[in-house]
Amino acid sequence: MKLWMITASATDDGAPIYLQASGRWTHKLGGGLPLSDEAERDALLEAARADERTACDPYAIAVERSELGLSAASLKEKIRAGGPTISLVEPSPQRRMRAAVGA
Amino acid sequence: MTNAQPETPELHPGARRIVRLRGLEPDAKAEVAIDHWQRLTDDDPYPSLDALPVLVSIERAEADAETLRARSGPWGVWLRGDDEVEAVAERVRGLPVVAIEVPKFTDGRHFSLARLLRDRYGFAGELRAFGDVLPDQLFYMRRCGYTAFELAPGKSLDTALRTLEAFSVSYQGAADERRPLYRRREI
Amino acid sequence: MYRYDAYDQRLIDERTAQFRDQVARRLSGEISEAEFKPLRLQNGLYMQLHAYMLRVAIPYGLLSSDQLRKLAEIARKYDRGYAHFSTRQNVQYNWPRLQDVPEILAELATVQMHAIQTSGNCIRNTTSDQFAGVARDELVDPRIYCEIIRQWSTFHPEFAFLPRKFKIAVTGAPTADRAAVRVHDIGIRVIPSPEDPSNHGFEVLVGGGLGRTPRIAEVCRSYLEREDLLSYLEAILRVYNRNGRRDNKYKARIKILVGALGIDSFREQVEAEWAQIRDGVMKLSDEEFERVSTAFETPAYATLEPSDDFVAGLRLGKDRALGRWVASNVVGHKVPGYSAVTISLKPKGKPPGDATDEQMELIAELADDYGFGRIVVAHEQNLVLPDVDSRRLPELHARLTQLDLAEPNVGKVTDIIACPGLDYCNLANARSIPVATRIGQRLDDLDYLHDLGDISLNISGCINACGHHHVGNIGILGIDKQGEEYYQLMLGGSASDDASLGKILGPAFPSDEIVEAVANVLETYIRGRESADERFLDYVRRAGFAPFKERLYDQRPA
């Protein structure tokens, strides 16, 4: 069964965000709403497009479910969800905290 | 900030507010005006009110020359943003208004069309933009010689008046000020 | 440094105010993202994989130490403590917040910096040679012309919505192009006047570029008087604005138009347009050249003893670390006694072209101590101190070594030019940075590195070629093959006077084989070259692909 999820870039800071069942967005792909029905997916995508203050350019991605939970199907979306695989600096503890609380 | 024209009754459902510059110079003031020019496609009938000014395509202007002459209201021409200036310039000389359609604001051909109409062919009437006309493009448009702007539906006239004044100085010459800065500078 | 006057400053201050207003209207919902996107792009603000990315302009790569300190401060205050130097002499921040960008621009404006037109379908940063102004093989300092072009192109009202982006590069060294002019939309070479060699003018090339349809530029005009520079560029841009394709984003660059019309027909159109404007108000005067030239502060060079012998002595001296560094990272200077030093931002194991805020501040300090407070960003993504007293080279090297900034690999195969790739960019198909770092780690024998001589290695994470892989002596293109990262290997590219596009060697390599493939390419060269003097590119051109194919493909397990 093909699973989808709605994602976008947060207008405030461009961070990847994922649409939850509540209609709000989360930074964690694992907490996003998986969709199997394409009509529902398209309807939610339409609705997401209207919320430009919060989310830029929403689109649907393929996700997979495993014992570890939900994850992105493509390498690009895996990297998008997980952050750069290599960086000059590790995010400082303060920055990591800020990212975690979505500040 | 909106300066409606003094006591011009909104005669026709086709009237609208536009932004108009009082001149071509870089410091010309902008104002909101009530405008009655009717833009007709090649199939639209002429308005029943003979005094209303109309804009028609070049082809229609030439086909309907007699009709237009017989009307009491003035007439002008509307062009497409990708029209070649060489093909149209002589045919619009002397008209009171030429309007250029901006099909998508990302299609920048109309900037060259407007500028060449002004600079190279000396068009002296009102050069008006319509179509996908957004406040944030107006400053460049005025520099290219546009003197009137029919904004896309829903766009703020107040914002337009502000964005028209985005910069008080320019490096390069254009239709509003021909000389580049290096021929004007006092420093 | 180019000293801003009141006009220059006013323009960037008004630009900051304009963008602040645009951001406010975006956040209030008055303008949509579709309307806002070209506006933010024209201020260098992209949306990438994880965050916005802000590309700050560094006109012709020239920075003062104060400006570099400000860039460090911005990295610290508004970003994650580092910045990335791009392949067009700009600098990029990977994590700005939208609401902070107007503040960032305001802070940049206090040091005469901005992010104007670093993206969008408009005229971008005019780039040049990192040794402009100091190189011995330079005929004329091209930066005066870069600045004149910059002013003409900044907020040019007619050319803000071109079919596609537009990039111009200028070289002042007609026999040693370090600005890659032949792969730019317009490339300008300063050349002696055919009539009077004591004067100079320009050869104007047009239609070069990389990306999906790589192309070497062709001569549009073989000699242009310098007073006609801007009117001629205007004619080219107008022909492009009016005739460039707008139906297909991938066929919209000027190189496509030049290719479709043929250079002769294209030139005809340009010259016809130019005839109408060449004798008008755009003609540049000697006064204007003087004014711009004077606005560039020349360092107060001391009168020093020539240092070529001294530097040669260092190169061959007992201190091998110093010797290697001098050999690769130091070049001669037109003023006797001085050298130009390149600080490699390609240390082993680190993303190429990145610097932390601390490193930027240290380099600014070094520029003050050793180089009249000037730094130049090379399009190879390194930083240059252009004016170092040669006799202080050992001291400088010692300082750099302490700071871990003394990697002696400039121009060597580990001086890799790489795009950010799939780690950062939403256009990418594969990652490029990890490949670069793994190659750096694999080739960590410095003597071997130097024995290989000068080799350019470019990595792009997708066909848009921001890593310029087509013009690398070795080029690597990351592709997506059924969801896996694969890498295509190309050989024989060059961005210089002998510009050529690389050709694909054979089937792409999976991620765990590409590094060894590169190592094998280098081994093939070492074994096959006539002598250590036959450089890699020349060997490829002479020997062809057969020896490489044999080693890389025929010997692979079936």
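Trainee: In chain C, what share of the contacts between residues at least 6 apart in sequence join residues at least 24 apart?
Mentor: In this predicted model, the share is 67%.

Trainee: And what does that figure look like for chain A?
Mentor: For chain A, residues 24 or more positions apart account for 55% of the contacts with a separation of 6 or more.

Trainee: While we're on chain A, how many helices and strands does it have?
Mentor: Chain A has three helices and five strands. If you walk along the sequence, they come in the pattern β-β-β-α-β-β-α-α.

Trainee: How much of chain A is buried?
Mentor: Chain A has 103 residues, and 32% of them count as buried.

Trainee: Let's zoom in. Which residues of helix α4 in chain C are buried?
Mentor: Helix α4(C) covers residues 101-109, and its buried residues are C:V101, C:I104, C:L105 and C:L108.

Trainee: Where do they sit around the helix axis?
Mentor: Looking down the axis of α4(C), you find the buried residues within an arc of 100°, so they line one face of the helix.

Trainee: And what do those buried residues pack against?
Mentor: They pack against four elements of chain C: α1 (6-28), β1 (45-47), β2 (52-56) and α3 (65-78).

Trainee: Take α1 and α4 of chain C. Are they roughly parallel or antiparallel?
Mentor: Their packing angle is about 175°, and their axes are 9 Å apart. An angle over 145 degrees counts as roughly antiparallel, and α1(C) and α4(C) are therefore roughly antiparallel to each other.

Trainee: Which residues meet there?
Mentor: From α1(C) you have C:I12, C:D13, C:T16, C:F19, C:R20 and C:V23. They meet C:V101, C:P102, C:L105, C:A106 and C:A109 of α4(C). By class, this contact has eight nonpolar, one polar and two charged residues.

Trainee: New topic: where is C:P174?
Mentor: You'll find C:P174 in the loop between β6 (168-171) and β7 (186-192) of chain C.

Trainee: Why does C:P174 count as partly exposed?
Mentor: It has 17 C-beta neighbours inside 10 Å. A residue needs 20 or more to be buried, and 12 or fewer make it exposed, so a count in between is partly exposed.

Trainee: What does C:P174 touch?
Mentor: Leaving out residues up to four places away in sequence, C:P174 touches C:L139, C:R189, C:V190 and C:I191.

Trainee: How far is C:P174 from C:D279?
Mentor: They are 105 residues apart in sequence and 27 Å apart in space, C-alpha to C-alpha.

Trainee: Last one: how many residues do chains B and C each give to their contact?
Mentor: Chain B gives 32 residues and chain C gives 30. On the chain B side, the elements giving two or more residues are α4 (109-119) and α5 (138-143). The largest share, four residues, comes from α4(B).

Trainee: And by class?
Mentor: The side of chain B that touches chain C has 13 nonpolar, nine polar and ten charged residues.

Definitions and conventions: Residues numbered from 1 in each chain as written. Chains lettered and ligands numbered in written order. Predicted model: local features only at pLDDT ≥ 70, side-chain atom pairs only at ≥ 80, totals over all residues. Contact = placed C-beta atoms within 7 Å. Nonpolar A, V, L, I, M, F, W, Y, C, P; charged D, E, K, R; others polar. Arc of directions from axis to C-beta. Axes fitted to C-alpha atoms, helices over the stretch in contact; angles between N-to-C directions. Parallel < 35°, antiparallel > 145°, perpendicular 65-115°, else oblique.
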